[in-house]
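This report describes a protein chain for a reader who is new to structural terms. Please view the sequence and the structure together before reading on.

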Amino acid sequence: MNIVLRFLYRTVPALVLIFSGLVKAIDPIGGAIKFDDYFTAFNLNWLTPLSLPLSVILSSFEFLLGFYLLLNFYVRKLALIALTTISFFTILTLYIAVFEPVTDCGCFGDAIKLSNWQTFWKNVVVVLFTIGLFISRKQYKNSVGSLRMIFGAITPAIYILGLCWWGINKLPVIDFRPFKVGTHIPSQMEIPDGAERDEFETVFILEKDGVKKTFTTLDYPYDDSTWIFIDTETKLIKKGYEPPLHDFYIMNSYLEDETQKIINHEGAVFLVISPRIEKISQRSIMPLARLAELSQQKEIPFYVVTTSDSTTGREFNLENKTNFRFLHGDETTLKTMVRSNPGLILLFNGTIIGKWHYNKLPGKNIVENPLAGSIGYLTRKNVLLLVWGNILGLIIVPTLIFNIKTINKKK
């Protein structure tokens, strides 16, 4: 029984840390955005330039700490690091749950969304196992040779850093967000018939004889004219159904809504997503300009969606001798759509059928035959996912087999 408990003390925190680090490493840009949210919430905006490096460091640290625990590497030393790390996260998530400086702690990236209180209680459970690991740390012994230990330490480090590099310079190998390829945008914006709606309550603040009191529509003193009206407040008392894409909108420079026109367009539509057009990658401008020209020849709508104002857009076209048509959207939504500035999205009948980082934009074939080009894109994406998944399997599966053999020997 003691052996089983020691196994659980080590593997439960290890697997949670591995998963947490892995999903963050898949999407390091998303992690950087979450760091930006934290820095804004705690008035530490001067740390914003460190958001991306910290995202890479945190994801790699979590993954490797969990992996080394799983490998049974130096558990006596790592137990204190694991306890300190998870205790810190537990205290932080308690603060977040109570005061809500951010709505989502981001502990599992966009892969699994937990409420702030769910995150805290998850950490409480994990920290209990970590306490057991720390208390029994002297009973753990390194069970592998030095050469195997070196190989086991370096291999996962190369893997997780490579995954971070890919997520930054290409696109995440797995898209956990609502704008992933295959999403039919119109259906994701609809509220189904019979779905629960938000319920609100309006309260009235009145004053009489220097005393303020709050009334609802049920107990409002309609017959007592001595009460003086001060203010009203509307409160959300019950959250109704919220569609996955509840905050997606695109407007033109005249603030006219173009969303339905774009997502209900029959055929292909190209959307260049650039949260800030003034921060766009310069080497992407000419390839995108050529795609825009070819799209115009084929009568395929081609838009650049940004939060930058119309004046900035006009200056951009003049400076770069381009003729982009600019539309405007919410910055948070645009950053969610594609982790690249700029990124290219291809819609067909309102469905996302392709997404590209500016480092790997498609050629003219995508304009001549959008459907065939998107099929090629999906094929390459699936092969890439298979490769990264197989590499991870080659690292983890032997580790689990070795650990099971070690437990059996100790029995």
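**Salt bridges**

In this predicted model, lysine 261 and glutamate 258 meet through their side chains in a salt bridge, at 3.7 Å from N to O. The term salt bridge means that a side-chain nitrogen of Lys or Arg is within 4 Å of a carboxyl oxygen of Asp or Glu. Side chains of opposite charge can pair when their charged atoms come close. Glutamate 258 is buried, at a relative accessible area of 8%; buried means under 20% relative accessible area, exposed means over 50%, and partly exposed lies in between (1.4 Å probe, protein chains only).

Residues are numbered from 1 along each chain as its sequence is written. Because the model is predicted, local features need pLDDT of at least 70 and side-chain atom pairs count only at pLDDT 80 or more, while totals for chains, interfaces and linings use all residues, and side-chain values use heavy atoms, with hydrogens and water left out.

The whole structure contains 13 salt bridges. Three of them are listed here.

| Salt bridge | Closest N and O atoms |
|---|---|
| Aspartate 27 and arginine 339 | 2.9 Å |
| Lysine 355 and aspartate 175 | 2.8 Å |

Which residue forms a salt bridge with aspartate 27? The partner is arginine 339. Aspartate 27 lies in the loop between α1 (2-26) and α2 (28-41), and arginine 339 in the loop between α11 (331-337) and β7 (343-348), so the pair ties together parts that are 312 residues apart in sequence. Helices (H or I, at least four residues) and strands (E, at least two) are DSSP runs, numbered from the N terminus. Aspartate 27 is buried at 7% relative accessible area, and arginine 339 is buried at 6%. Both residues belong to a network of salt bridges that also links Asp104, Asp110 and Lys113.

The salt bridge between lysine 355 and aspartate 175 joins strand β8 (residues 351-357) to the loop between α6 (146-169) and α7 (185-189), so it ties together parts that are 180 residues apart in sequence. Lysine 355 is buried, with a relative accessible area of 3%, and aspartate 175 is buried as well, with 18%.

**A nonpolar patch on the surface**

Phe42, Leu44, Trp46, Leu94, Tyr95, Val98, Phe99, Trp117 and Trp121 form a nonpolar surface patch with about 960 Å² of accessible area together. Two or more residues of this patch come from each of α4 (75-99) and α5 (116-135), and the largest share, 4 residues, comes from α4. Such patches consist of residues with over 30% relative accessible area and no salt bridge; nonpolar side chains (Val, Leu, Ile, Met, Phe, Trp, Tyr) are joined within 5 Å and like charges within 9 Å. Accessible areas come from the Shrake-Rupley method with a 1.4 Å probe, and for residues only the protein chains shown count as cover. Tryptophan 121 is found in helix α5 and counts as exposed, at 51% relative accessibility.

**Threonine 202**

Threonine 202 has its place in strand β1 (residues 199-208) and is partly exposed, at 30% relative accessibility. Apart from neighbours within four places in sequence, its contacts include Phe215, Thr232 and Glu233, where contact means heavy atoms within 4.5 Å.

**The chain as a whole**

The protein chain has 13 helices and 8 strands. Of its 411 residues, 45% are buried.
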